[in-house]
Amino acid sequence: MPSTIDQLKALLGSNHVLTGEDANRAPAGIVKPGEQRHEQVIVRPSSTEEVSEVLKICHAAGQSVVPQGGMTGLVNGAEIIDDEIALSLERMNVIEEIDTINATMTVQAGVVLQVIQEQAEQSGLFFPMDLGARGSATIGGNVSTNAGGNRVIRYGMTRALVLGLEVVLADGTVVSSLGKVIKDNSGYDLKQLFIGAEGTLGIVTRVVLKLSPLPTTQGMAFVAFEGFREMADFLTYAKQALAGNLSAFEVLWRDYYRFLTGDDMVHRQWLDYDFPYYALVESTGSHADTDHDQFVDTLAVALDKKLICDAVITRSQGERNALWAMRDDVQSLVKLWPLTGYDISLSIDKMENCIEELEQALRQHWSESICMALGHLGDGNLHIVATLQSEESAERDAVDRIVYNLIKKYGGSISAEHGIGLQKKPYLSCCRSGSEVALMKTIRLALDPKGILNPGKLF
Ligand SMILES: Cc1cc2nc3c(=O)[nH]c(=O)nc-3n(C[C@H](O)[C@H](O)[C@H](O)COP(=O)(O)OP(=O)(O)OC[C@H]3O[C@@H](n4cnc5c(N)ncnc54)[C@H](O)[C@@H]3O)c2cc1C
């Protein structure tokens, strides 16, 4: 009987079953000093049929498989443990159809997010999902993490952007639900099971995406606030005043803004450092004659009402790109290494107290701790960064406990958009009840009784 690897080589060809040195890959996401990922075996199927055959072989052998997209996930969800095989979707990178009548795009799972955005735009349409890792992250990874990003406030998370999905189950069964319709109440909405499942229920092979009309106007400003309450009130006001055009509301606590615009950084200082909170505010629309005035009026009225203290309105595409580049520049945080990061959800009314309490707790733990916050305020999603005294895992665990216990206390979620992976697994019970986790396990057992798909992740 040939070994599993020999069977996979016979199926895909030796050059698509990488082993040894060929399977050593640099990570694609935020690269930590000295980081190197070592893979044992990577298989690279090029079609749904090949994914199905790979899984049939692995299922029969009880061989565990870890699906991999762009490897930009931030919770070690695509990491190999022991003798697992990595299944990379990189060769499934074809855009199969752009349907301008139904405003849909059908793609294979390995297509990179930025390619989807660009192709939609070339067809006069818009794929609104956007995140800093757009140049490497794949749509299969986006679907499997239910990615959020910068425009959730207007268009929703990945879940809201997927109309149809094709997945291959652990035993190789292909479940193809590639419908293009928005309304379909004919039984369970099966695709939703796999969205955000982090590769534990099936391998996503093809996706039908919902596209939107391409906005033709874009207004952007960098705004300062005197207090958290004013910032939250401005958000409420802007949603109403911009009449559905508000497309991003990205907040930066002062320390983070100061870090991003410090002496050794490339980003321009848009406003001085006098204020505790700042936000990148974006409005997109399709009325060239009125949108700009509407955006400026919204800011002017907010200034009059003292909801905002100061604002710079961008005047060119170059300035808009520069402002987004500053917001997206999380890679620079490695300058503060060692550090740890969090992706949490909280209701907006609880954020200010929770972050204050966290800062105090961290300073008690270590007086020199730097704690900075940023995030997608409109979605109740903050990213928190805390420096560590050392790389010791005990140090990281201590900070994790402080953060997640506070999230539990404030009724938030330990993962707003990045997933659980390996990293947050010990803390799942901070925001999910025993019965919820038990039901998740029942679903997993029903779909993958041998537990070969991404085992050890999530729970
Ligand atoms: C600079 C930077 C900024 C980021 N900003 C954001 C942000 O704003 N919002 C946000 O949500 N995330 C953000 N992320 C995180 C990351 O980009 C997303 O989680 C993204 O969706 C991961 O896609 P990927 O293709 O890299 O997936 P991977 O990292 O390869 O995999 C992620 C998970 O999905 C599984 N998986 C991958 N492909 C498949 C498939 N085809 N079928 C089944 N399972 C699969 C993997 O096993 C793993 O569990 C950011 C990351 C970086 C580095």
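Visitor: At roughly what angle do the axes of helix H7 (residues 228-241) and helix H9 (residues 291-304) cross?

Guide: This is a predicted model, in which local features need pLDDT of at least 70 and side-chain atom pairs count only at pLDDT 80 or more, while totals for chains, interfaces and linings use all residues. Residues are numbered from 1 along each chain as its sequence is written. Helices (H or I, at least four residues) and strands (E, at least two) are DSSP runs, numbered from the N terminus. With axes taken as lines fitted to C-alpha atoms, for helices over the stretch in contact, and angles running from 0 to 180 degrees between N-to-C directions, the axes of H7 and H9 come within 10 Å and cross at roughly 145 degrees.

Visitor: How many residues in the contact of H7 with H9 are nonpolar?

Guide: Residues are in contact if their C-beta atoms, placed from the backbone, lie within 7 Å, and here Phe 234, Tyr 237, Ala 238 and Ala 241 of H7 meet Thr 298, Val 301 and Ala 302 of H9. Ala, Val, Leu, Ile, Met, Phe, Trp, Tyr, Cys and Pro count as nonpolar, Asp, Glu, Lys and Arg as charged, and the others, Gly among them, as polar. The contact has no charged residues and 1 polar residue, and its nonpolar residues number 6.

Visitor: Which element gives the most to the side of domain 1 that touches domain 2?

Guide: An automatic or database domain assignment gives four domains, among them domain 1 (4-90) and domain 2 (95-213). The contact takes 19 residues from domain 1 and 21 residues from domain 2. Helix H2 (48-61) and strand E5 (65-68) are the elements that give two or more residues to the side of domain 1, and the element that gives the most, with 7 residues, is H2.

Visitor: Which element gives the most to the shell around the ligand?

Guide: Counting a residue as near if its C-beta atom, placed from the backbone, lies within 6 Å, the ligand is surrounded by 38 residues, with Gly 69, Gly 77, Gly 140, Gly 141 and Gly 199 the closest. The elements that give two or more residues to this shell are E5, helix H4 (139-145) and strand E12 (203-210). The one that gives the most, with 5 residues, is H4.

Visitor: Is Glu 356 buried or exposed?

Guide: Glu 356 is found in helix H11 (residues 348-365). A residue is buried if 20 or more other C-beta atoms, placed from the backbone, lie within 10 Å of its own, exposed if 12 or fewer, and partly exposed in between. Because Glu 356 has 11 other C-beta atoms within 10 Å, Glu 356 is exposed.

Terms used. Two residues are in contact if their C-beta atoms, placed from the backbone, lie within 7 Å.
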